[in-house]
Amino acid sequence: MTSRSVVPAPRDSPNVLFEYLLRLGDDRLVLGHRLSEWCGHGPILEEDIATSNVALDLLGQATMFLRLAGQLEGKGRDEDALAYFREVVEFRNCQLVELPKGDFAFTIARQFLFDVHAVVLLDALSRGTHVQLAAIAAKSLKEAKYHVRHSGEWMLKLGDGTEESHRRLQRAVDDLWRFTPEIFAADDVDRAMLEAGIAPDLAAVKAQWEALVREVTERATLTLPDDVPRAASARGGRTGAHTEHLGHMLAEMQIIARSHPGATW
Amino acid sequence: MNQDVVAEQTEALAPDSQWPLWEVFTQSEQGAPHEHAGSLHAADAEQALQNARDVYARRGGVISLWVVPASAITASSPGENGPFFDPGADKAYRHPQFYKVPRGVRGV
């Protein structure tokens, strides 16, 4: 898989909006699946239900983004075809969301970093010029606002909790931090979306994200690591370069659909 | 396995004992009473509200939630049900069935 993850980026994709929708959809599909791995394994029944709920929300959002992507692509692929019959190098999610779920602190830290970004981004997308995308963003924003309330509360509880919970959460933030620049690394697709008035300037999204993340992490008595400079030439999930973990996850996620194509229940 | 290890594992298996119990009340429409929906565990009020939202309100039909620490509720004792509740049952004049409810009155 490592050797396959150097497939060139579809920089001159004929349908830039299709590419952009895949990013939005895949972020949520992959993160939703990772979160669903807690189902039946949550630390306590109530939290098991809460995380599963968020996972279902993310899956629902992915469904909407991927369905629209399939319609715009015009090749007859629906959301299921896109979710279950693409290979790992065709996925456009950022690497942050594909990392294994780790311990509960890792899961919470990742959800929080993603949720804050989702709220800021979806809010801007909901005011964008693409009517259907804006409608999906508006619907998703309501859910994202609850998600960040949930993960934010946990950040405070774990960060400012016991010695062990603080240690675990700090380690999670340290491990995750280097995956955050990718979320805000604008490329040609992002610039085209910005020019079309569909999506916001990622630099502005990052500024808002960072202010909110800093506020909560400080209250949670956590220390944010120093930023790791990201080379302009760095490739990531947006162009199909993934960590080794995504392939394993997709194998599990896709096997039923691939073993029984067209099955319904 | 020595006793300490057993005790440690038992404790790990019973996280229930660590978080307080909360009672959840849901309201289905404006003006309707908040009705008891069930209970759950949470570390504090905000978490209790969030858990209540996920456990009792996620299927819709709820416009307001109350969470109350179960420890704040004083309950009658089941063992005293006889003396506590029976005296009201044999005095028909205490019951309201002799009054006709005017037509058009709702929510009674």
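Predicted model: local features only at pLDDT ≥ 70, side-chain atom pairs only at ≥ 80, totals over all residues.

User: What makes chain A as compact as a globular protein of its length?

Analyst: Let's set the value against the rule. The globule rule is 2.2 Å times the number of residues to the power 0.38. For 265 residues it gives 18 Å, and the radius of gyration of chain A is 18 Å too, so chain A is as compact as a globular protein of that length.

User: How many of the residues in each chain count as buried?

Analyst: A residue is buried if 20 or more other C-beta atoms lie within 10 Å of its own. By that test, 43% of the 265 residues of chain A are buried. In chain B, buried residues make up 13% of 108.

User: Which helices and strands do the chains have?

Analyst: Chain A has nine helices and zero strands. Chain B has three helices and three strands, in the order α-β-β-α-β-α.

User: How do you know that chain B touches chain A, and which element gives the most?

Analyst: Contact requires C-beta atoms within 7 Å, and twelve residues of chain B are in contact with nine of chain A. On chain B's side, α2(B) gives the most, with six residues. By class, that side has five nonpolar, four polar and three charged residues.

Notes
Residues numbered from 1 in each chain as written. Chains lettered and ligands numbered in written order. Helix = DSSP H or I, 4+ residues; strand = E, 2+ residues; numbered from the N terminus. Buried ≥ 20, exposed ≤ 12 C-beta atoms within 10 Å, placed from the backbone. Contact = placed C-beta atoms within 7 Å. Nonpolar A, V, L, I, M, F, W, Y, C, P; charged D, E, K, R; others polar.
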